[in-house]
Structures are given as structure tokens and as C-alpha cells.
Amino acid sequence: MEGVKHIVAVASGKGGVGKSTVTANLALAMAAEGYRVGVLDADIYGPSQAQMLGVGEGVRPEGAGENRMKPLQAHGVQAMSMAFMVDIREPMVWRGPMVAGAFQQLLTQTAWDDLDVLFIDMPPGTGDIQLTLAQKVPVDGAVIVTTPQDIALLDARKGIEMFRKVNVPVFGVVENMSLHVCSNCGHSEPIFGEGGGERIADEYDTRVLGRLPLALSIREQADGGRPTVVAEPEGEVTATFRDMARQVADQLKGAADEGPEISFSD
């Protein structure tokens, strides 16, 4: 894609596991590592990146020539979302083909400016947008977000299987809400279960990129438009996100270094 070196999809298979929060923080962590980063909010029905990245309501992209638009800037990353185009209070009552078309326009008609990595915040499920992504976009890899809960793991498996069917490597699993620490007494408890991320990573021969706590601060910071990586740059959770970003960068480099094997014979 013009203006984009690598594309990484962040998916979950189901909603409510913190995929958008992980996407925003992972992108910001990658930017903090020195890369030029963009975020595309592919959830046409329920875009959330505008609020998470602190883009004010009513802010619209500028034109960049015929049928092109400039991405907005938020905390040092380039961003594009359907929330920049419409009143976010209005429901998108569209059928699947219209949604897939809107996603493709957001992706290809945005004038991305020399990105090293574009993170795509995927909607839940394995429907039209996922199929369009697989057919139309050169995706380098995927990151799967899940909680340790068995029900979440069922859908995470579907997400992994979907990427495997279209030959997109899964870079790893992010286990969100892995441990709850009480803000009053400090007691920690794995309220959604334990070891789910490790089990699914072993099952599909990938890795656990990181484990994130179920913390009030993470939710408050995302809702307030200053994700944790920006709000607490020296914090423990930010350190986890930056470690995940380095792992993704290493795998992107490894994928770029791979080439065809050429043999000679008489």
C-alpha cells in the first residue's frame, strides 16, 4: 500500500475483551519505540478509536487531492476512523457490502504519510470486513486479544483460524484482564481464570506477547482520550506494551528478511 510499509491486524473474534484499548496502546508504544505509526479503526458500526485517541467530536479530515484525505494526528500517530466522518450518535444502519466498501475506502483513500506500521483495529467476528481485509490488503501479521475466560478463548480460536485460512501469520496473543488487583486492599485475583492465553498460544504454535491487568486506570485513561502509554509513560503497564511493540517489530523484521530460496543445479 502507498505510504505504508507494514500492516498488522488486531483482532479478537468477539467484543468486550479490550481489543481497541490494546490497539491504541500498542500503536502508541510502537511510536514511542521510534516508528512512524498509524491506526485505522475498522469497526464501522462501533468506532471507538476517536475517543480513545482524544480526537474531539466534530473534527474532520482535510482533503489531500482527488478522492483522498489526510489522516488526523493524535499523540504522535496518524489515525482514521468512521467516527471522523459521521455523527457518532447516529447508528450505521448498513448491510455487509456497504460496510466492506466503507472500510476499503477508509484504508485506501487515506493519504498515509510514510508509515512503518499501520495497526488495523478489527471489528468483532469473522464477517465482511475480515474477508475484505484478507482479499484486498497485504497484511503482514495479526495480534489476537483475549481474556483468560473459556468463552473468550472459543472466539479467539475462530479469529486465529480465520487468519490461518488466508495465510496471515499470527504474531501472538495478548491476554487482557489476566489479573485483578483490588485498589483498596491490594489483593490480586484471576477473576476470569488463569492460563488461557498460554493454552491458546501453545495450541496454535504462537506466543503470548504480554499479559495485562484488569485495572480501573486503564479504562479511565482510554475513555479520557489519553491511553496508558501516554498517561503513564514510565508505568508498569506501559512497559508491558512497549515490550509487546518490540516483539511485533522483531517479527515484522523477520518477515521482511524472508525471501524465496533459490537453488541451482547442472
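The mean positions of the 22 positive and 36 negative charges of the protein chain lie 3 Å apart. Lys and Arg count as positive and Asp and Glu as negative, with His and the chain ends not counted; each charge is placed at NZ of Lys, CZ of Arg, CG of Asp or CD of Glu.

The model is predicted: local features need pLDDT of at least 70, side-chain atom pairs count only at pLDDT 80 or more, and totals for chains, interfaces and linings use all residues. Residues are numbered from 1 along each chain as its sequence is written, and side-chain values use heavy atoms, with hydrogens and water left out.

**Overall fold**

The protein chain holds nine helices and ten strands. These are DSSP runs numbered from the N terminus, helices being H or I of at least four residues and strands E of at least two. The radius of gyration is 18 Å, close to the 18 Å that the globule rule gives for 266 residues, so the protein chain is as compact as a globular protein of that length. That radius is taken over C-alpha atoms, and the rule is 2.2 Å times the number of residues to the power 0.38. The C-alpha trace spans about 65 × 60 × 40 Å along its principal axes.

Of the 266 residues, 49% are buried. Buried means under 20% relative accessible area, exposed over 50%, and partly exposed in between, for a 1.4 Å probe and protein chains only. The protein chain exposes about 13,100 Å², of which carbon and sulfur atoms supply 48%; the areas come from the Shrake-Rupley method with a 1.4 Å probe. Among contacts (heavy atoms within 4.5 Å) between residues at least 6 apart in sequence, 78% join residues at least 24 apart.

**Strand β5**

Seven of the seven residues of β5 (residues 115–121) are buried, so this strand is largely enclosed by the rest of the structure. Its pairings with β1 and β2 are listed below; two strands pair if DSSP finds at least two bridges between them.

| Strand | Partner | Sense and bridges |
|---|---|---|
| β1 (residues 4–11) | β5 | parallel, six bridges |
| β2 (residues 37–41) | β5 | parallel, five bridges |

I120 in β5 is the bridge partner of A9, and L40 also stands opposite I120.

**Residue E57**

E57 sits in the loop between α2 (49–52) and β3 (72–74). With a relative accessibility of 54%, E57 counts as exposed. Leaving out residues up to four places away in sequence, E57 touches D87, I88 and R89. V86 is 29 residues from E57 in sequence, with a C-alpha to C-alpha distance of 9.7 Å.
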